[in-house]
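Here is a short briefing on one protein chain. Keep the sequence and the 3D view open while you read.

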Amino acid sequence: MIRLEQITKSFNGNEVIHDLSLDVPAGKTVVLIGPSGCGKSTLLRLMVGLLWPDSGNIALFQKNLSRKNLEALRQQVGFVLQDGGLFPHMTAIQNMRLMADYLKYDTDKTNHRIAELCELTHISTDLLNRYPSELSGGQVQRIALMRALMLDPQILFLDEPLGALDPLNRVSLQEEMKSIFSQLRKTVVLVTHDMGEAAALADLIVIMKDGYLLQYDTLSNLSAHPADPFVTEFINAQRKPWQQLEDQIN
Ligand code: ADP
Ligand code: MG
């Protein structure tokens, strides 16, 4: 569904993604994880054509991403950037309608879709006329997710969609996202730095470090057959203190 072949990307002569290849199968949730600055957001931005690689090839739906087909391909994917990325001068519903109106979708169809999404993400319709600054963090993330789902894309790209939330809201929205992804059978690429979130949501996990893909595998394989000592180190560092204590005792 998504194929990256030998992608390299530099900023000002500094290479931050090195010869990275990745295949994301249809209907799966793939989580990109690694320490801050390892290149997760850069990789996601490359996949949605917000950045272009220096070399290598990116294909969505078996079509190579190019400046020519970018607009057509973008309409088939949804994305949520790190802070939700809602336009502050537009209400929630204006943010959501943006693309549908631009593409001149039928108004009834758009309204029907909005009602459907409100149900799916448990957003009450009376919140829709508020501006982003009048919404809680969790509500902003729900609206951003609804905006991404508006055109019913097959692929969703999410960059730390729960990053700014407090732990309680984070866990509840995590559960909701899990059920939304499985209900909708989307192909999802999600960035996080939280192993618990990766464990909860991922079918497959990409462990990144310093712009390299160290291992692309299921959580149980990462744990049982780490390809690099850093994989084990990273997983263990994120284990809860009581789990580490248990390891010590056993
Ligand atoms: P992550 O999302 O994993 O925290 P990023 O992809 O944001 O990491 O960044 C990877 C590296 O690329 C970092 O060293 C960062 O400073 C650098 N970088 C990211 N975007 C830019 C940019 N627009 N200009 C220059 N350097 C950048
Ligand atoms: Mg990032």
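This is a predicted model: local features need pLDDT of at least 70, side-chain atom pairs count only at pLDDT 80 or more; totals for chains, interfaces and linings use all residues.

The chain has 250 residues, and 46% of them count as buried. It holds 10 helices and 10 strands. Its radius of gyration is 19 Å, close to the 18 Å from the globule rule for 250 residues, so the chain is as compact as a globular protein of that length.

**Overall form**

- The C-alpha trace spans about 60 × 45 × 30 Å along its principal axes.
- Take the contacts between residues at least 6 apart in sequence: 65% of them join residues at least 24 apart.

**Nonpolar cores**

- In soluble globular proteins, nonpolar side chains tend to be buried together.
- The largest nonpolar core here has 45 residues.
- Ile143 and Phe181 touch the most other members of that core.
- Helix α5, residues 137-149, gives the most to this core: seven residues.

**Helix α6**

- Helix α6 runs over residues 167-184, which makes 18 residues.
- At 1.5 Å a residue, α6 should span 26 Å. Its end C-alpha atoms are 25 Å apart, which agrees.
- The buried residues of α6 are Arg170, Leu173, Gln174, Glu176, Met177, Ile180 and Phe181.
- An α-helix has 3.6 residues a turn, so residues three or four places apart point the same way.
- What covers the buried residues of α6? Among the helices, the cover includes α4 (107-121), α5 and α7 (195-201). Among the strands, it includes β3 (29-33), β7 (155-159) and β8 (187-192).
- Arg185 follows α6 and has a positive phi, near 50°.

**Positive phi in loops**

- Most residues other than glycine have a negative phi.
- Phe61 has a positive phi, near 50°. It lies in the loop between β4 (55-60) and β5 (63-64).
- Is Phe61 buried or exposed? Phe61 counts as buried because its relative accessibility is 14%, and the cut-off for buried is under 20%.
- Glu160 also has a positive phi, near 40°. Its place is the loop between β7 and α6.
- Glu160 is buried too, since its relative accessible area is 9%.

- Thr107 is found in helix α4.
- Thr107 has a relative accessible area of 44%, so it is partly exposed.
- Thr107 and Arg97 are 10 residues apart along the chain. Their C-alpha atoms are separated by 9.5 Å.
- Lys109 lies over the face of Tyr105, at 4.6 Å from the ring centre.
- How many aromatic pairs does the structure hold? It holds one.

Conventions. Residues are numbered from 1 along each chain as its sequence is written. Chains are lettered from A and ligands numbered from 1 in the order in which they are written. Side-chain values use heavy atoms; hydrogens and water are left out. A nonpolar core is a set of buried Ala, Val, Leu, Ile, Met, Phe, Trp, Tyr and Cys residues joined through side-chain atoms within 4.5 Å. Buried means under 20% relative accessible area, exposed over 50%, partly exposed in between (1.4 Å probe, protein chains only). Helices (H or I, at least four residues) and strands (E, at least two) are DSSP runs, numbered from the N terminus. Rings of Phe, Tyr and Trp (its six-membered ring) pair if their centres lie within 6.5 Å; planes under 30 degrees apart count as stacked, over 60 as edge-to-face and the rest as tilted. A charge sits over a ring if NZ of Lys or CZ of Arg is within 6 Å of the ring centre and within 35 degrees of the ring normal. The expected span of a helix is 1.5 Å times one less than its number of residues. Contact means heavy atoms within 4.5 Å. The radius of gyration is taken over C-alpha atoms; the globule rule is 2.2 Å times the number of residues to the power 0.38.
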